[in-house]
Amino acid sequence: MVKVEGLDKLLAEHPFFDGMNEDMRKTLSGCARNERFGPGEFVAHEGDPADRFYFVRAGAIALEFHVPGCNPIVLETLHGGEVFGWSWLVPPYAWTYDIRVLELTRLISLDGACLRKKLNKDHELGFELYSRFVPVMAKRLSSARLQLSDMYGRPCKKGE
Amino acid sequence: MVKSTKPVPDSMTPAPFRVTARRQDLADTFTIELEAADSPRGFAFRPGQFNMLYHFGVGEVPISISGDAGAGKLIHTIRDVGAVTHGLSTLKKGDMVGVRGPFGSAWPVDAAEGSDVVIVAGGIGLAPLRPAIQHVLDNRDRYGRFVILYGARSPKDVLYLPELQSWRGRLDTYVDVTVDHAESGWAGNVGVVTKLIERANFDATHAVAMLCGPEIMMRFTVAELTARGMDRGDIHVSMERNMKCAVGHCGHCQFGPKFVCKDGPVFPYGEIEALLKARGV
């Protein structure tokens with residue numbers, strides 16, 4: 001069994017927690033779990049309860065949309081140092097896409113339900129966590145908009 | 001008939017070149033190799049420069065040179081997007097084409113010696129960068145870390161795939177490729193090219209970046225590079241405008257106070273930053 005102290009160390013090594021107060025990090029590590037997935041495995045499927053969120057330590061995963069009758073569309077790939085899953089923050093707490101593992105991947109997951117309870121009591125921790133999540137979400141949104149622009153498509157003509 | 005005694009400037013007269021090879025790279029993109037009809041001794045140019053290619057009876061278009069400057073061959077990779085480029089796409093081995101050039105400024109491959117070099121390309125923007133990439137690879141010991149980051153629309157739109165794989169296979173070059181969207185069979189990255197910058201290992205304070213792609217991509221890439229600590233003066237971009245005469249006379253490619261054909265197409269980002277952000281320029 002992985003010790004909580006070990007998980008705290010693993011959290012400290014992830015860029016998401018850079019500069020975070022040690023007490024806060026230790027509180028979070030109480031909800032953490034070390035996980036490993038092989039290529040082709042799914043961490044979550046669209047519609048599953050979003051009771052955990054993940055920090056990629058090493059490896060690669062793909063965020064995918066299932067399209068009936070077609071191959072799934074890969075929306076984005078994520079690698080070591082990145083974080084995914086914020087559906088645990090937003091009712092109805094369900095995954096909005098599939099998470100497929102591309103290569104041997106090591107993750108730290110945090111129990112969203114456990115954390116929601118802690119954040120309800122500790123607003124300072126809640127603010128700290130949201131302050132770290134929002135820039136990631138903003139960057140992801142900005143990237144998604146850039147992808148939507150189809151910038152490599154045919155160049156526009158003046159006035160189009 | 002009175003003959004003009006005024007010499008015709010070479011820069012305005014297309015020279016006849018013969019197509020020696022043609023390759024279809026992507027559904028809408030092809031590469032032609034050309035050889036001067038009267039002097040097949042090679043074609044001198046600097047990485048980043050362009051030629052005006054004249055498809056007889058149709059018209060002329062500016063096309064970046066995409067071959068190795070040291071190899072002596074004249075190579076152009078062209079996207080079939082208009083009447084002239086479509087005409088050029090129909091050329092076969094042995095056909096003739098008119099060439100004026102080379103024109104314009106070049107990638108700062110000499111000034112970059114001793115520094116890390118970061119190439120960021122999007123879509124067909126890899127073509128004008130290929131001569132610079134080849135120059136760095138041919139003189140690898142003169143440069144620090146060498147990073148090539150490339151973004152395309154989808155896996156089937158990845159240009160020069162065999163070369164990207166070959167460059168990636170070298171132990172002295174870091175190559176990362178991403179696409180905007182893919183089906184699940186694609187084993188590579190999906191996401192915007194700017195995301196690749198985070199993972200690349202280079203010293204931003206001692207690096208020179210060369211960017212070519214859609215302007216929106218270059219703007220976001222510059223933001224990412226400067227956030228990483230890179231100076232705007234060390235970032236160079238290749239601009240695309242409607243170039244006609246290629247010598248700064250006609251004004252078609254005017255970009256604020258500059259002419260892309262004459263002052264560019266390669267500019268230090270700091271020189272054109274304000275213009276890129278201005279609406280309607």
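Because the model is predicted, local features need pLDDT of at least 70 and side-chain atom pairs count only at pLDDT 80 or more, while totals for chains, interfaces and linings use all residues. Residues are numbered from 1 along each chain as its sequence is written, chains are lettered from A and ligands numbered from 1 in the order in which they are written, and side-chain values use heavy atoms, with hydrogens and water left out.

Chain A holds four helices and six strands, where helices (H or I, at least four residues) and strands (E, at least two) are DSSP runs numbered from the N terminus. Read from the N terminus, the order is α-α-β-β-β-β-β-β-α-α. The C-alpha trace of chain A spans about 55 × 35 × 30 Å along its principal axes. Of its 160 residues, 44% are buried; buried means under 20% relative accessible area, exposed over 50% and partly exposed in between (1.4 Å probe, protein chains only). Among contacts in chain A with a separation of 6 or more, 74% involve residues 24 or more positions apart, a contact being heavy atoms within 4.5 Å.

The surface of chain A comes to about 8700 Å², with carbon and sulfur atoms supplying 56% of it; accessible areas come from the Shrake-Rupley method with a 1.4 Å probe, and for residues only the protein chains shown count as cover.

Turning to the cysteines, one disulfide is counted over all chains, defined as a pair of cysteine sulfur atoms within 2.5 Å. The sulfur atoms of A:C31 and A:C114 lie 2.1 Å apart. This pair links distant parts of the chain, 83 residues apart: A:C31 sits in the loop between α2 (22–29) and β1 (32–37), and A:C114 in helix α3 (residues 112–121). The torsion about the S-S bond is about -55°, so the disulfide is left-handed. A:C31 is buried at 4% relative accessible area, whereas A:C114 is partly exposed at 23%. Two further cysteines are partly exposed: A:C70 at 48% and B:C250 at 34%.

A nonpolar core is a set of buried Ala, Val, Leu, Ile, Met, Phe, Trp, Tyr and Cys residues joined through side-chain atoms within 4.5 Å. The largest has 42 residues, of which B:F202, B:L211, B:I235 and B:M239 touch the most other members. Beyond its neighbours within four places in sequence, B:F202 contacts residues including B:V118, B:V147, B:I197 and B:L225. A second, separate core of 35 residues includes B:L129, B:L159, B:V175 and B:V266.
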